[in-house]
Amino acid sequence: MIQEVLNKLGIKETNNGTSTGTKHFSADEAKTIESFSPVDGKSIAHVKCTTNEEYEKVVSTAQQAFITWRKTPAPKRGEIVRQIGEKLREYKEPLGKLVSYEMGKSLQEGLGEVQEMIDICDFAVGLSRQLYGLTMHSERANHRMYEQYHPLGIVGVISAFNFPVAVWSWNAALAWVCGDVVIWKPSSKVPLCAIACQNIISDVLKNNNIPEGVSCLITGNPVGDLMNNDKRIPLVSFTGSTRIGRHVSSTVAARFGKSILELGGNNAIIVSEFADLKMVLTGAVFGAVGTAGQRCTSTRRLIIHESIYDKTLDVLKKAYGQLKIGDPLNSNNHVGPLIDKKAVDDYLKAIEKAKNEGGKIIVEGGVVEGKNYESGCYVKPCIIEAKNEFNIVQEETFAPILYVIKYKTIEEAIEMQNNVPQGLSSSIFTNNMREMEQFLSCAGSDCGIANVNIGTSGAEIGGAFGGEKETGGGRESGSDAWKVYMRRQTNTINYGTDLPLAQGIKFDI
């Protein structure tokens, strides 16, 4: 099956056994990434890493492309992005299958990720005619003030394994309509998804006589730091761990570059005594076990009112008992594998740490074994009764571990929700309007995303996506997130015959 999918996406095997798919690499054969599927543990292909010399060629190609691309009218740039969206529709099924197989998420989630790419293209097409500035009134007579946005330059995108294609597209589609060019460094755990996207986009660019440097691809871990240190790249968008995010932030800031940081999440759902438990069930279970808990918006904590605590746990235990774990390409399964053996090890260590701190196991975890789980990456979704102040609860574990915590008052629940280093996504389930409004007020959730009666996981592209505190403060996707991809300029025009100074300053010569 997978070879057929690769063929449809233009990823071929070369004579020396390495996989190719972009015009920008011809790296040393000894320096390759081997892509393994967590679904069955099999090697899919070898992908050549980008050398320092090739990196220089890529940046040079991108610089030349930017000179042309920035002068292309924004609506015409939008037309190219529209065609990319159409191509993604054409390749949705094979690309969705590749995402599912190489990363390990369910096929429905893989297809959904490609749909996100299509949606952001649609959003960006409309945006290409709405890159608005403001007109301001000047304090000086016969003067006009306004602001405008210009293309920024090369945008570097460093993406994570858990969303191999969608988060890159959030950045790329907006950057392209803003007149920027993009260099993408995907996670070394899922390089084939990136190559497939590059193949799809390359065809659109070629058919429209657009310079290939508008969309560039580099691979291998060291080259990410080349972008972080490169003054020719004014903006780096990084998605990944808080630990690496600190390094990216300080490195880019040291050269006065800009960064978009989408880092860790430690997301909580508050379950009020006024909640509809049927809705809680769907939101909490999918939030906790979707993508095997490997979303930055995955639900990590369930903060439950004491009056319905036992009832909610009973509902959860019954639901967890019905979860099917297995091949994510099989639509009957709810939970696929973790990305690799290290992730499994981190999952097991987190459970032990929770036990050592006094946590009580509500639903037993562990590694799933058997002939259908040869990769060793399948684990059982686990529920642990805990306290918010546990050290392990304060950390983000990229795995299906859900901590359940009891509260008495809504003020206490909100304080627990906020009392972690991360600030990405949050949610409350309640039919009490006062609680809803309190949760959404300035004294409520301190996260970049706050939801009512939906879970923490799953965001629409129309709204800006991102979080506060150790989540990094970046914003991607919808709303006015486009502004960070552009160079802002304030303009003042004097159409009079004298030159008055601002603030009424007198300067006679």
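Select C216 first. In this predicted model, C216 is buried, with a relative accessible area of 1%. Now show its sulfur and look for a partner. The closest cysteine sulfur belongs to C197 and is 15 Å away, too far for a bond. A disulfide would need the two sulfur atoms within 2.5 Å.

Move to C296. This cysteine is also buried, at a relative accessible area of 17%, which falls under the 20% limit for that label. Its sulfur has C447 as the closest cysteine sulfur, at 12 Å, and that is again too far for a bond. How many disulfides does the structure hold? The count is zero.

Next, the aromatic rings. The model has six aromatic pairs. For one of them, select Y149 and W482: the ring centres are 5.0 Å apart and the planes stand at 65°, so the pair is edge-to-face. Colour by secondary structure to see where the two residues come from. Y149 is in strand 6 (residues 143–151), while W482 is in the loop between strand 22 (476–477) and strand 23 (486–494), so the pair ties together parts that are 333 residues apart in sequence. Are these two residues buried or exposed? Y149 is buried, with a relative accessible area of 9%, and W482 is buried as well, at 5%.

Stay with strand 6 and select H143, which lies in that strand. H143 counts as buried, its relative accessibility being 10%. Draw a distance from the C-alpha of H143 to the C-alpha of R295: the two are 51 Å apart in space and 152 residues apart in sequence.

Now select W168, W176 and W184 together. These three tryptophans form one aromatic cluster.

Two lysines are the next selections. Show K189 with F161: the charged end of K189 sits over the ring of F161, 5.1 Å from the ring centre. Then show K406 with Y309, where the charged end of the lysine sits over the tyrosine ring at 4.7 Å from its centre.

Helix 10 passes helix 11 in a right-handed crossing.

For another pair, hide those and display helix 3 (residues 74–90) with helix 5 (residues 107–127). What angle do helix 3 and helix 5 make where they pack? The angle is about 160°, with the axes 8 Å apart. That makes helix 3 roughly antiparallel to helix 5, as angles over 145 degrees are classed that way. The crossing of helix 3 and helix 5 is left-handed.

The last stop is F439, in helix 15 (residues 433–440). F439 is buried, with a relative accessible area of 0%. Draw a C-alpha to C-alpha distance from F439 to T312: the separation is 21 Å in space and 127 residues in sequence.

How values were computed: Residues numbered from 1 in each chain as written. Predicted model: local features only at pLDDT ≥ 70, side-chain atom pairs only at ≥ 80, totals over all residues. Heavy atoms only, no water. Buried < 20%, exposed > 50% of the residue type's maximum accessible area, 1.4 Å probe, protein only. Phe/Tyr/Trp six-rings, centres within 6.5 Å; stacked < 30°, edge-to-face > 60°. Helix = DSSP H or I, 4+ residues; strand = E, 2+ residues; numbered from the N terminus. Lys NZ or Arg CZ within 6 Å of the ring centre and 35° of its normal. Axes fitted to C-alpha atoms, helices over the stretch in contact; angles between N-to-C directions. Parallel < 35°, antiparallel > 145°, perpendicular 65-115°, else oblique. Left-handed = near helix turned anticlockwise from the far one by under 90°.
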